[in-house]
Amino acid sequence: MCGIFTVYNYHGDVGEFRQRALDLSKRIRHRGPDWSGCIVADNNIMCHERLAIVGIDSGAQPLTNDDESLILTVNGEIYNHKKLETELKNPTKFKTHSDCEVIMHMYNEIGTEVCGKLDGMFSWALLDRRSDKSRLVAARDPIGITTLYVGRISAHPGTVFIASELKSLNEECDQIDEFPPGHYFDSNDGQFHRYFNPD
């Protein structure tokens with residue numbers, strides 16, 4: 001179990017809000033006492049509270065690709081990560097031994113289709129900075145084993161908060177919803193999309 005906390009498209013001075021974001025992330029540190037990470041990119045903040053299970057010596061998060069155009073923070077475990085690594089079409093040098101890094105590299109190749117390829121328990125948020133306006137994609141496992149919530153501020157509808165627990169959101173957001181299992185969120189349209197369709 002880890003904890004994730006993300007602020008997308010913050011409406012004010014993101015540099016000033018960074019310490020507040022760290023304080024809000026600290027509220028879920030009991031989920032991941034081994035490492036705390038934070039990346040500020042443009043007007044976005046990605047925080048992670050890590051419980052080291054796989055890739056203990058190298059899996060600190062948030063994870064980034066080489067040019068830091070993709071930033072990923074994950075709570076969970078990807079059971080089929082080794083198989084997915086073999087499916088990558090482009091030669092990829094992994095920075096860590098984390099089972100979660102493959103999400104970022106798969107997303108780089110196939111976009112949101114990565115959600116349907118993951119076997120595991122997970123909640124994650126990925127910031128894609130490759131276009132003029134950063135894109136946030138977040139997903140939750142098919143049956144909701146991991147917890148995830150989305151918060152918004154009605155006065156600033158373009159700002160989106162993502163967190164593993166409510167206690168990181170309830171003082172900042174006046175609208176909080178449970179992230180639906182088996183869905184991903186895409187900031188490009190501000191909607192949830194079902195990726196899991198049980199047979």
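Predicted model: local features only at pLDDT ≥ 70, side-chain atom pairs only at ≥ 80, totals over all residues.
Biologist: Okay, and α3 itself, is it mostly covered or mostly open?
Modeller: Mostly covered: seven of its 10 residues are buried. They are Glu101, Val102, Ile103, Met104, His105, Met106 and Tyr107.
Biologist: What covers them?
Modeller: The cover includes the helices α2 and α4 (114-117), plus the strands β4, β5, β6 and β7.
Biologist: New topic, the sheet. In what order do the strands run?
Modeller: It's an open sheet of six strands, ordered β4-β5-β6-β7-β11-β12, with antiparallel pairing. The edges are β4 (63-64) and β12 (191-194); each has a single partner strand, so one side of each has no neighbour in the sheet.
Biologist: And where does α3 sit on that sheet?
Modeller: α3 packs on it, touching β4, β5 (70-78), β6 and β7, and its direction makes about 125 degrees with that of β5.
Biologist: How many bridges link β6 and β7?
Modeller: Six, between residues 120-128 of β6 and residues 135-140 of β7. Aspartate 128 stands opposite arginine 135 of β7.
Biologist: Last one: where is serine 98, and why does it count as buried?
Modeller: Serine 98 is in the loop between α2 (81-87) and α3 (101-110). It counts as buried because its relative accessibility is 5%, and the cut-off for buried is under 20%.
Biologist: What does its side chain sit by?
Modeller: A polar atom of the serine 98 side chain lies 3.0 Å from the backbone nitrogen of cysteine 100.

Terms used:
Residues numbered from 1 in each chain as written. Heavy atoms only, no water. Helix = DSSP H or I, 4+ residues; strand = E, 2+ residues; numbered from the N terminus. Buried < 20%, exposed > 50% of the residue type's maximum accessible area, 1.4 Å probe, protein only. Polar contact = N/O pair within 3.5 Å; in protein donor to acceptor, adjacent residues only side chain to side chain. Pairing = 2+ DSSP bridges. Contact = heavy atoms within 4.5 Å. Axes fitted to C-alpha atoms, helices over the stretch in contact; angles between N-to-C directions.
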